Amino acid sequence: MRIVVLAGGIGGARFLRGLKQAVGPEGEITVIGNTGDDIHLFGLKVCPDLDTVMYTLGGGIHEEQGWGRADESFSIKAEMKEYGVGPEWFGLGDRDFATHIVRTQMLGAGYPLSAVTEALCARWQPGVRLLPMSDDRVETHVVTDVDGERKAVHFQEYWVKHHALIPAHAIVPVGAETAKPAPGVLEALAEADVILFPPSNPVVSVGTILAVPGIRRAVAQSAAPVIGLSPIIGGAPVRGMADKVLEAVGVETTAAAVAKRYGSDLIDGWLVDEADEASVAEVEAAGIPCRAVPLWMTDVDASAAMARAALDFAEAVRKP
Ligand code: GDP
Ligand code: CA
């Protein structure tokens, strides 16, 4: 079974770990990863979401934190600080630096990001095919007010430096309109048996992937059932600040509102948490079949059960 997953960072990666367990070696999983969070720091190209997926599935992730490397140290960052070179607000550890150095070196030698990602994955063996959504540079920016001035800042500055506490007036995936899907992306979607939206951020993770021209249409036109899992439970994000970016795009922070934002032309089924059972009717009224199941990824078994629920649902809504 060929499964394609549109993934952000932590929510996507934890779900993928469960999906791998649920399908075992027969499952052929292709991950289309968000690269809108990518940023250049210290002259290096950093791809936070691709790395979170790669480290999580490859066994190198800092488990409690959910991003970055396990057993990390921060000597380079401390040395940079002594030179007065920042930014200090982005937590790059020594082990992590090695990944970004290899990536930047390969990009500098002319390899596209998709080839670089494949090379990095040769070490980590994530057990999925990890494709960046695009080889072209796309950077999510947030239109905000800084010191009384309206300006656009990089998503990481908004999210990590300001903890999403400054107003977000608009979210702009800069470069997306001219970006092309990376090699293999449209093919994977066309050949998929099932397409899944994990409980990733609907605006700045899945939304950014869908903003790359051609991807949304490939998902919508695919013969495969498309099933999404809500990252919102009981009117709040399970983790992080998704409510802030939802508000910026005028979407209520509820499982039902997120389903409706994707819409019935895109998704064929939507899973909400049991706590949101009451919203099933609202989602179905919008033409999207909906079920309530436990959606807390407390451990790998719980994530695997969610993946099985999504795959069962896919079979139930599959068009003959
Ligand atoms: P990021 O790029 O690291 O922010 O990660 P993603 O975009 O992939 O996922 C972030 C989303 O995952 C957040 O909106 C969270 O609400 C959601 N999330 C995290 N843990 C869980 C969980 O256990 N269950 C559900 N349903 N959503 C979760
Ligand atoms: Ca992210």
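**Notes on the ligand site and the backbone**

1. Ligand 1 is surrounded by 20 residues, the closest being Pro199, Ser200, Ser205, Leu295 and Met297. A residue is counted here if one of its heavy atoms lies within 4 Å of the ligand. The model is predicted: local features need pLDDT of at least 70, side-chain atom pairs count only at pLDDT 80 or more, and totals for chains, interfaces and linings use all residues. Residues are numbered from 1 along each chain as its sequence is written, chains are lettered from A and ligands numbered from 1 in the order in which they are written, and side-chain values use heavy atoms, with hydrogens and water left out.

2. By class, the shell around ligand 1 holds ten nonpolar, eight polar and two charged residues. Ala, Val, Leu, Ile, Met, Phe, Trp, Tyr, Cys and Pro count as nonpolar, Asp, Glu, Lys and Arg as charged, and the others, Gly among them, as polar. Helix H1 (residues 10-23) supplies the largest share of this shell, three residues. Helices (H or I, at least four residues) and strands (E, at least two) are DSSP runs, numbered from the N terminus.

3. Helix H2 (residues 48-58) is largely enclosed by the rest of the structure, because ten of its eleven residues are buried. Buried means under 20% relative accessible area, exposed over 50%, and partly exposed in between (1.4 Å probe, protein chains only). Among the buried residues of H2 are Asp49, Asp51 and Tyr55. Glycine 59, with a positive phi near 85°, follows H2.

4. Most residues other than glycine have a negative phi, and most peptide bonds are trans. Aspartate 71, in the loop between H2 and H3, has a positive phi near 50°. Alanine 164, in the loop between helix H6 (155-161) and strand S8 (170-174), has a positive phi near 55°. Aspartate 71 is exposed, at 66% relative accessible area, whereas alanine 164 is buried, at 2%.

5. The peptide bond from glycine 86 to proline 87 is cis, with omega near 10°. Proline 87 belongs to the loop between helix H3 (75-82) and helix H4 (94-108).
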